[in-house]
Amino acid sequence: MSKMDNLRAMREAKYAEAQKRSAAAPARLKAPVAPPATKKVEERAAEVPAADADDLCGHRNMSGRTCTREKGHAAKSHRYS
Ligand SMILES: [Zn+2]
């Protein structure tokens with residue numbers, strides 16, 4: 001019985017700590033960083049499709065063409081243009 005109580009107390013403490021952490025960590029710290037980085041990659045991919053091969057997905061289709069989307073693109077399909 002007391003063991004169960006201990007477990008529950010531990011879980012509650014962990015939960016409270018996680019709540020405190022997520023409340024303490026300002027969302028604005030992370031928000032401005034993500035959108036510009038994403039935009040940059042998209043812009044680069046649009047402007048120079050084949051020049052920066054390191055940043056490209058590089059997936060090859062059946063006819064040997066290489067995907068020109070950015071590396072790890074969110075789109076499910078590859079683009080061979
Ligand atoms: Zn691809």
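Predicted model: local features only at pLDDT ≥ 70, side-chain atom pairs only at ≥ 80, totals over all residues.
1. Overall make-up. The chain has three helices and zero strands. Read from the N terminus, the order of its elements is α-α-α. Two of these helices come up by number below: helix 1 covers residues 2–24, and helix 3 covers residues 34–47.

2. Burial and surface. The chain has 81 residues, and 9% of them count as buried. As for contacts between residues at least 6 apart in sequence, 6% of them join residues at least 24 apart.

3. The zinc donors. Which residues hold the protein donor atoms of the zinc ion? They are Cys-57 and Cys-67, each through SG, His-73 through NE2, and His-78 through ND1. These atoms lie 1.8 to 2.4 Å from the zinc ion.

4. Geometry and spacing of the site. The angles among the four donor atoms run from 104 to 115°. The site counts as tetrahedral because all angles lie between 85 and 135 degrees. Along the sequence, the donor residues follow the spacing C-x9-C-x5-H-x4-H. Cys-57 and His-78 are 21 residues apart, and both belong to the segment after helix 3.

5. Accessibility at the site. Are Cys-57 and His-78 buried, partly exposed or exposed? Cys-57 has a relative accessible area of 26%, so it is partly exposed. His-78, at 29% relative accessibility, is also partly exposed. The cut-off that matters here is 20%, since buried means a value under it.

6. Arg-69. This residue is in the segment after helix 3. Arg-69 and Cys-57 are twelve residues apart in sequence, while their C-alpha atoms are 5.7 Å apart in space. Leaving aside residues up to four places away in sequence, Arg-69 touches Asp-55, Leu-56, Cys-57, Ala-75, Ser-77, His-78 and Arg-79.

7. Thr-68. The segment after helix 3 also contains Thr-68. Thr-68 has a relative accessible area of 7% and is therefore buried. Its C-alpha atom is 5.9 Å from that of Tyr-80, a residue twelve places away along the chain.

8. The salt bridge. How many salt bridges does the structure hold? There is one. It joins Glu-17 and Arg-21, whose closest N and O atoms are 3.3 Å apart. Side chains of opposite charge can pair when their charged atoms come close. Both residues are in helix 1, four residues apart, which is about one turn of the helix. Glu-17 is partly exposed at 43% relative accessible area, whereas Arg-21 is exposed at 53%. The two fall into separate classes because the cut-off for exposed is over 50%.

9. A nonpolar patch. Met-4, Leu-7 and Met-10 make up a nonpolar patch on the surface. Together they have about 320 Å² of accessible area. Met-4 is placed in helix 1. With 56% relative accessibility, Met-4 counts as exposed.

How values were computed. Residues numbered from 1 in each chain as written. Heavy atoms only, no water. Donors = N, O, S within 2.8 Å, 3.2 Å for Na, K, Ca; no water. Tetrahedral: all angles 85-135°; square planar, octahedral: opposite > 155°, others 65-115°. Helix = DSSP H or I, 4+ residues; strand = E, 2+ residues; numbered from the N terminus. Buried < 20%, exposed > 50% of the residue type's maximum accessible area, 1.4 Å probe, protein only. Patch = residues over 30% accessible without salt bridge, like charges linked within 9 Å, V, L, I, M, F, W, Y side chains within 5 Å. Areas by Shrake-Rupley, 256 points an atom, 1.4 Å probe, with all protein chains shown as cover. Salt bridge = Lys/Arg side-chain N within 4 Å of Asp/Glu carboxyl O. Contact = heavy atoms within 4.5 Å.
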